[in-house]
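Colleague: I would like to learn how to read aromatic pairs and pockets in a model such as this one. Could we begin with the general idea and then turn to the case at hand?

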Amino acid sequence: MYEYMAELQERFQIVSRRTVRAKRDAQAAYDTLHAQLNKEQRKLLLRLFDAFVSYREEKALDSFVTGFHLADSIRTELAAIPPYSFEPESGELEQEVCDGRDH
C-alpha cells in the first residue's frame, strides 16, 4: 500500500515556481557552506541534510495519504446519501397547493 500511495503522489505532484526557486536558493546556500567546512564537518552536514530530506519525504507522503483518505471519505459519504435537492418533495408541493398556501 505504501508503494502504491508513493506512486500516486508522484503522479499527481505539482512543482511550483516557488518550489523551484526555493530549491535553487537552498542549493546555493549549501554550496557556500560546503566550501567553508572541513571534511569532517561536511560529512556531518551531509548526514544532517540526508536525515532532513528523509523526514520531509515521509511527511509529504503522510500528508498526501491523509488528503487521499479524506477525499475518499467525502466521496463515500456523498455516494451513500442522496444529494440534497432544493426542490420540495412532490407530496409536500401537492399538500401546499391543496391547503391554498403559496410559495
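Modeller: Helices here are DSSP runs of at least four residues, numbered from the N terminus, and the model to which we apply this is a predicted one. With that in mind, Phe 52 and Tyr 55 both lie in helix H3, three residues apart, which is about one turn of the helix.

Colleague: How many aromatic pairs does the structure hold, and which rings form them?

Modeller: The structure holds two aromatic pairs. The ring centres of Tyr 30 and Phe 49 are 5.2 Å apart with the planes at 55 degrees, so this pair is tilted; it links distant parts of the chain, since Tyr 30 belongs to helix H2 and Phe 49 to helix H3, 19 residues apart. Phe 52 and Tyr 55 form a tilted pair as well, with 6.4 Å from centre to centre and 35 degrees between the planes.

Colleague: Is Tyr 30 buried or exposed, and what should I say of Phe 49?

Modeller: Buried means under 20% relative accessible area, so Tyr 30, at 15%, counts as buried, whereas Phe 49, at 33%, counts as partly exposed. Phe 52, at 47%, is partly exposed, and Tyr 55, at 48%, also counts as partly exposed.

Colleague: What is the volume of the largest pocket, and which residues lie closest to its centre?

Modeller: The volume is about 1200 Å³, and of the 29 lining residues the closest to the centre are Gln 13, Thr 19, Val 53, Arg 56 and Glu 57. Helix H3 gives the largest share of the lining, 13 residues, and the lining divides into 15 nonpolar, six polar and eight charged residues.

Technical notes
Residues numbered from 1 in each chain as written. Predicted model: local features only at pLDDT ≥ 70, side-chain atom pairs only at ≥ 80, totals over all residues. Heavy atoms only, no water. 1 Å grid on protein atoms, 1.4 Å probe; cavity = no way out; pocket = protein on both sides within 12 Å on 5 of 7 lines; lining within 4 Å. Points joined across faces, edges and corners; volume = space filled by probe spheres on them. Helix = DSSP H or I, 4+ residues; strand = E, 2+ residues; numbered from the N terminus. Nonpolar A, V, L, I, M, F, W, Y, C, P; charged D, E, K, R; others polar. Phe/Tyr/Trp six-rings, centres within 6.5 Å; stacked < 30°, edge-to-face > 60°. Buried < 20%, exposed > 50% of the residue type's maximum accessible area, 1.4 Å probe, protein only.
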